[in-house]
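Student: I would like a close look at a single part of this model. Please keep it brisk and spell out the cut-offs.

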Amino acid sequence: MREKMLSNVKGISSLFTILAIAGLLVCFSVAAATAAEPKVALYIQDTEPILDWDPSVESGGGMLVLNNVYETLLRYDATQKKIIPLLATSYTQSNYGMTWTFKIRKGVRFHDGSKLDAKAVKFSIERTMKLGKGMSYIWAPVTKITVVNKYTVKFDLEWPAPLDLIATSNYAAFIMSPKAVKSHNQDWLSQGNAVGTGPYVLQKSTMGEEVILRAFDDYWNGWGEKRYDFAVVKKIVESSSRRQMIEKGDASATVYLPAEDLDQMKSNPNVIVNVGPSLENTSIMFNTQRAPLDNKLVRQAFAYAFPYKKVVKYAAGGYAIKARGALPAQLWGHSKSLFQYSQDLEKAKQLLKQANYSQNSRKLLFTYVSSMEADKKMAEMYKSDLAKIGVEVELRGMPWESMWELSKSRKVEDRQDIFAMLWWPDYCDPYSWLYNMFHSQKEILYNLAYWSDPKFDKLIDDANYEMMFKKKKSLALYHEAQEMLLDESPSIFVYDKKNTLVTHKSFKGFKDNPAYPNVVFFHETYPE
Amino acid sequence: MNHQVISWNAIAPRIKEFRETVYLLKRNKLTRIALLAIYALIFIAIFAPWLAPHSTHIMMDTNPQDKLLAPCTQYLFGTDELGRDIFSRVLYGTRISLQTGLLAVGISLLIGVPLGAIAGASEWYVDEAIMRVTDIFLSFPGLLLAIAIAAILGPSLQNAMLAISISWWPWYTRIVRGQAISLRERQFVKAAKAIGTPHYKIIFSHIIPNCIAPVIVQASMDIGGVILTIAALSFLGLGAQPPTPEWGLMISTSRTYFLSAWWYSFFPGMAILITVLVFNLLGDGLREVLDPKTRKKQ
């Protein structure tokens with residue numbers, strides 16, 4: 001009896017399957033007859049598309065998605081070194097850089113249909129400032145935001161700051177719809193909702209995996225003849241799978257392929273390897289709060305033991321240049337006359353001896369992001385050279401999130417000793433760069449050398465203060481601050497990366513903008 | 001004097017039986033091959049640093065100018081992404097895999113066997129208590145439990161080994177308990193009890209020695225499984241950390257390069273395959289010989 005029932009059930013279910021397939025076929029053929037197949041741009045990367053959907057909070061890899069859904073007042077073109085108007089059509093500064101007035105673009109609509117005006121700008125920036133999360137500190141100089149009229153907004157500052165550059169930031173400078181945000185609770189945005197003015201609308205987000213964006217028909221800047229109707233950002237960890245997908249044309253763009261793959265792909269006519277300068281650089285942060293790296297001499301010895309040439313050539317595969325100082329060569333504030341370490345094991349040994357470094361001290365823990373092949377190679381090469389000067393290191397590859405978590409452990413003993421760091425600017429300014437990594441911090445965010453020196457703090461604070469009107473003096477102060485970092489060596493500055501974004505030949509219109517690393521503005525791109 | 005004669009009489013048949021077992025084992029061709037391979041693996045494991053043509057490539061040096069070279073006379077198995085000799089590293093990997101495999105199974109046996117014997121030979125409530133705990137452990141998929149434990153303990157080879165031991169011992173408890181229950185009713189155990197032998201002595205000198213045969217079979221099969229699990233954990237980043245030449249870790253790293261360097265995944269993969277295979281063959285052979293039903297047929 002039971003068996004018979006089961007076979008009946010089977011019969012019914014298979015009937016349903018057939019019906020469903022037939023239905024689907026009909027649907028597809030109808031769709032194909034009425035409209036052309038939508039064009040989809042697929043961007044694949046090794047990390048999550050986004051960690052927090054709240055544009056005031058996100059400070060990780062979400063900038064690609066956010067920059068397509070939201071817009072900022074201005075955008076910085078790092079190749080031309082100029083500022084482009086976006087949601088603001090023009091701006092003026094007065095009162096020695098203490099007052100900034102922005103004219104807001106008219107006729108811009110948010111994805112929920114509401115209109116952009118000065119109030120929305122005030123609301124968005126104030127929200128970000130009030131939440132005080134992620135990179136919200138970029139607005140620290142702002143004391144008051146005033147709506148002058150419907151399309152004019154005024155910022156009053158406590159000290160002179162380049163607010164135009166701040167408004168181009170990768171993070172924390174996005175304008176969102178007040179109507180949508182106010183009508184929901186505080187967490188609504190974080191839960192995977194987005195209402196911006198950008199060319200793409202959030203269609204679907206699967207946390208940790210994939211984000212699907214749909215073209216926004218009412219986008220203020222209009223659409224060209226050809227466009228991508230959908231833009232999909234997807235996490236695919238295996239670099240070999242990503243390479244195969246690009247080569248077959250299943251994906252449009254990808255980043256972070258190993259140098260060996262890039263070299264081979266250059267000869268493939270179906271893919272384009274876009275190599276350009278970048279503002280990303282790799283450095284190594286020492287735990288300056290814990291022995292033995294709390295000793296300046298030991299840190300200097302470690303800096304002399306680092307195999308700079310080999311790492312640039314083999315770990316980065318030549319897609320990098322050796323760093324000089326903390327700031328990348330493309331960023332204002334960089335100085336060509338700074339001291340540069342090079343490998344000298346004898347000197348390193350001597351310094352260790354001077355520091356009374358004991359050969360039998362504990363193994364030092366070196367953490368790096370496990371998915372970053374270049375960092376893994378760098379770590380292995382460094383370990384082998386440190387062993388030559390009698391320092392034992394234990395390597396640990398971890399996902400970024402757990403590595404960051406470990407670095408912020410409450411007890412200093414629980415933290416790593418050496419941390420491989422990749423840094424890119426939030427906005428193109430030396431202060432933000434140095435502030436994030438080396439300014440004293442009450443609560444550790446990215447100062448993962450745990451470095452704290454009031455003299456250094458004052459140097460960069462002053463440099464930032466002078467930046468608007470006494471550029472030369474400011475530059476000299478930044479130079480001095482970097483010399484100090486090189487001498488104290490809380491960190492080894494390894495290399496400035498080159499941008500290597502690989503696209504399929506059918507993916508047109510991509511322009512590399514180092515100010516927004518690995519970001520594709522899908523509005524610029526089109527299929528062919 | 002007399003005492004010694006009695007014990008010799010007791011031991012003699014056992015020695016005879018052992019010799020017969022070895023003879024039967026060697027008569028089976030597959031088992032003989034497996035045994036020879038295991039001797040070879042043990043030899044390699046012990047002498048790996050001296051056998052390796054580029055012994056500094058095992059842990060210490062990187063040699064990036066020779067990166068990803070195909071197999072040649074200088075580098076029999078080719079080189080990896082940092083120019084290290086894969087042949088030397090695979091040889092040394094034998095030591096790591098055998099060591100961790102044997103240790104993990106050893107720890108599991110140490111926990112599992114006594115617990116099983118106690119459960120089988122004791123009062124019902126002790127039995128219940130122990131067996132329900134093992135049920136809890138067995139209700140997790142083995143690899144998943146190992147992953148969870150390794151993640152909590154932190155990634156390293158020792159922790160991976162511990163994680164495997166913790167997730168593996170309940171199997172032995174089960175086997176031993178089943179045996180112990182039937183042994184409990186046998187004459188010699190009852191006799192021991194009757195003359196007042198303490199309970200723990202009965203367990204350790206009468207029950208455990210008599211239910212060890214199926215455990216040996218299971219353990220020899222498990223060594224292969226454990227080696228595979230350690231490789232899996234290392235592959236996931238929860239086991240050995242670079243630059244340790246652990247086979248699973250090597251395969252994990254090779255994923256990035258397999259499109260252009262087949263040798264990088266192939267040789268460590270073959271090493272795992274062969275090792276796991278020979279231990280399974282040995283286990284099969286042992287089972288046939290030690291099981292009274294199949295022993296006579298041989």
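In which helix is the place of A:Val311?

Tutor: This is a predicted model, where local features need pLDDT of at least 70, side-chain atom pairs count only at pLDDT 80 or more, and totals for chains, interfaces and linings use all residues. Residues are numbered from 1 along each chain as its sequence is written, while chains are lettered from A and ligands numbered from 1 in the order in which they are written.

A:Val311 sits in helix H9 of chain A, residues 308–315. Helices here are DSSP runs (H or I, at least four residues), numbered from the N terminus.

Next, its surroundings. A:Val311 is buried, because 26 other C-beta atoms lie within 10 Å. Buried means 20 or more other C-beta atoms within 10 Å of the residue's own, with C-beta atoms placed from the backbone; exposed means 12 or fewer, and partly exposed is in between.

Now the partners. Neighbours within four places in sequence are left aside. A:Val311 is then in contact with A:Ala316, A:Met378, A:Met381, A:Val494 and A:Tyr495. Contact means that the C-beta atoms of two residues, placed from the backbone, lie within 7 Å.

A:Ser371 is 60 residues from A:Val311 in sequence. In space, the two are 17 Å apart, C-alpha to C-alpha.

Chain A also meets chain B. That contact takes 22 residues from chain A and 19 residues from chain B. The chain B side has 10 nonpolar, five polar and four charged residues. Nonpolar covers Ala, Val, Leu, Ile, Met, Phe, Trp, Tyr, Cys and Pro; charged covers Asp, Glu, Lys and Arg; the others, Gly among them, count as polar.

Technical notes:
Helix = DSSP H or I, 4+ residues; strand = E, 2+ residues; numbered from the N terminus.
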